[in-house]
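Here are my notes on the packing and the rings. Have the model open while you read.

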Amino acid sequence: MATHTDINIIYEAIVASFLAIWFLLTILCQFRSTKFSNYIRHTIDIFGLIPLWTFFAPNPGKSDYHLLYRDKIDEENNSEWEEMDITEERSLWSWCWNPDKRDKKILSDVIQSLIASIPHYKGANGYDLLMFSMPYLIVLHAVSNCECETGSGHRQFMLAETSGYLKENPPSVILLSVFHQI
């Protein structure tokens, strides 16, 4: 007759075996393009228990975006470009207290949306219509709320892109707005 301890050992062995097989299949199925992974994922895993962790996919971020603005001093002179901080340095307490996180995340997402919508506005008078798109207006609102040191009533913004960790290449301009009255 099996004792209570023997039954516990059997249950533990079954659970450990299940978890070990699940872990092994999870590792093997992280590679999408293999026949084995497709077979497991589409034939055996009918309940979707094997996760697919694509931390940097399907379109990994390969570049950083920068939002810059400047003011018109007079008809011939403009102020220097100033960068609006759309990312933040993480502090030790960011996990607990980070009141600016949502604002920066929203602005970052809106910039991504604006960049993605630029190709749809190419063509005759297309960029004129881009100025009426919601992402453009939100970015304009964000840069318009930055403090104006020159007392100017007109502001221009620029979206630039840098690639690589070491920033070896100079930034490339993605979008240069007209001067807007603020």
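1. Tyr-136 and Phe-157 are both buried (under 20% relative accessible area with a 1.4 Å probe, protein chains only; over 50% is exposed, and in between is partly exposed). Bear in mind that this is a predicted model: local features need pLDDT of at least 70, side-chain atom pairs count only at pLDDT 80 or more, and totals for chains, interfaces and linings use all residues. Residues are numbered from 1 along each chain as its sequence is written, and side-chain values use heavy atoms, with hydrogens and water left out.

2. There are two aromatic pairs here (Phe, Tyr or Trp rings, the six-membered one for Trp, with centres within 6.5 Å; planes under 30 degrees apart are stacked, over 60 edge-to-face, the rest tilted). Phe-18 and Trp-22 make a tilted one, at 5.9 Å centre to centre and 40° between the planes. These two sit four residues apart in helix 1 (residues 4–28), so about one helical turn separates them. Trp-22 is partly exposed, at 33% relative accessible area.

3. The rings of Tyr-136 and Phe-157 are also tilted, with centres 5.1 Å apart and planes at 50°. Tyr-136 belongs to helix 5 and Phe-157 to strand 3, so this pair ties together parts 21 residues apart in sequence.

4. What does Val-139 touch, leaving aside neighbours within four places in sequence? Its contacts (heavy atoms within 4.5 Å) are Leu-67, Leu-107, Val-110, Ile-111, Leu-114 and Phe-157.

5. Lastly, look at Lys-72: it lies over the face of Phe-179, 4.9 Å from the ring centre (the cut-offs are NZ of Lys or CZ of Arg within 6 Å of the ring centre and within 35 degrees of the ring normal).
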